[in-house]
Amino acid sequence: MKLQKTQKDVFVDFENAQPTEAERTVYDKVKIVLEKSQTILKDIQQYTGATEAIRQAISNPKSDDLQDKAWQSVCPLVGKLKNYYEFSNEVDGIVQELLQVLCSNDLSPREHLEQQQALFRQFADILDFVLRFDDLKMTNPSIQNDFSYYRRTLSRMKLANEEHIVENIVSNEMANRIALFYANSTPMLKVLSEATTKFVSTHKDLPVENTTDCLSTMADICKVMIESPEFTSRFQSVETKLFCLRVMVGVIILYDYVHPVGAFAKGSSIDIKGSIKVLKDQEQRRVEGLLNALRYTTLHLNDESTPKTIKSMLATN
């Protein structure tokens, strides 16, 4: 009789995983979205905003030149914000396609992740993108301020019957959706968690546990790979360890959104104590952002069901 491998035996080759023929169709679709995600990240990193032009326009309401300058500054930026929002819809769709393959009934969660390493890597890349995008959005107040100014100015122009002289970059309906998207502190995470919840609710033939167990197994595999000197010695790049840490945290946050009792409760499939310990064992400056993500972007950390030991592990000094 063949002995079952434990999860500790699983090494996911994030650096070199190649798709099998069975994975190829979904892999190629996801690849297109991931290539776009890198362009989006590069773009939002360079997003400087129109803060000064807006400030000047608000301080000098009677100066047509300054009003015009602020409007001309903000319009191309709104085009970018619309682009990021539209990309979030692509993330929503592709995540559901990925989950359909990674959570099917024919394999256990561990077998899925061991045998479909290229798709696991792509799911990890999406999580990595989501965390990076949201971090950049949270630390750049210009994003929301620029869009608010655009909407206020457009409303004022409409009241003054001036809207015919400007190009309406986004429709009213689209503007409402975009505003809701950016109003969330972690908009891409919200899209990802809603896509996962949608996947669970539309695939009644698949038990919810298929998805939550897949997520908890991902978190466990990443944690074990970081803990194991045997595995870390196989990483060709120092960045791979940090990538594993980000993916582990991303999966925990996603699990916390999708699972009814979350990631922190006593009966959770996530080894939350072990995961926090792994983070705290790293160089602090490299993981402080990830610890903050667990502190401030999860749903259930402050629930009564969360053990005090977990809360104290994540408490800030």
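Helices are DSSP runs of H or I with at least four residues, numbered from the N terminus. The model is predicted: local features need pLDDT of at least 70, side-chain atom pairs count only at pLDDT 80 or more, and totals for chains, interfaces and linings use all residues. Residues are numbered from 1 along each chain, and side-chain values use heavy atoms, without hydrogens and water.

**View A. Lining of the largest pocket.** Helix 13 supplies nine residues, the largest share of the lining. A pocket is an open set of points on a 1 Å grid over the protein atoms alone, where a 1.4 Å probe fits, with protein on both sides within 12 Å along at least five of seven lines; lining residues have an atom within 4 Å of a point. The volume is about 460 Å³, taken as the space filled by probe spheres set on the points. Of 24 lining residues, L131, R132, D135, G289 and L290 are closest to the centre.

**View B. Crossing of helix 3 and helix 8.** The axes of helix 3 (residues 64-102) and helix 8 (residues 187-202) come within 9 Å and cross at roughly 35°. Axes are lines fitted to C-alpha atoms over the stretch in contact, with angles from 0 to 180 degrees between N-to-C directions. Residues in contact (heavy atoms within 4.5 Å) include Y84, F87 and S88 in helix 3, and M188, V191 and L192 in helix 8.

View C. Y47 sits in the loop between helix 1 and helix 2 (51-59). Y47 counts as buried because its relative accessibility is 5%; buried means under 20% relative accessible area with a 1.4 Å probe, protein chains only. Beyond neighbours within four places in sequence, its contacts include L77, K80, N140 and D146.

Conventions: Helices (H or I, at least four residues) and strands (E, at least two) are DSSP runs, numbered from the N terminus. Buried means under 20% relative accessible area, exposed over 50%, partly exposed in between (1.4 Å probe, protein chains only).
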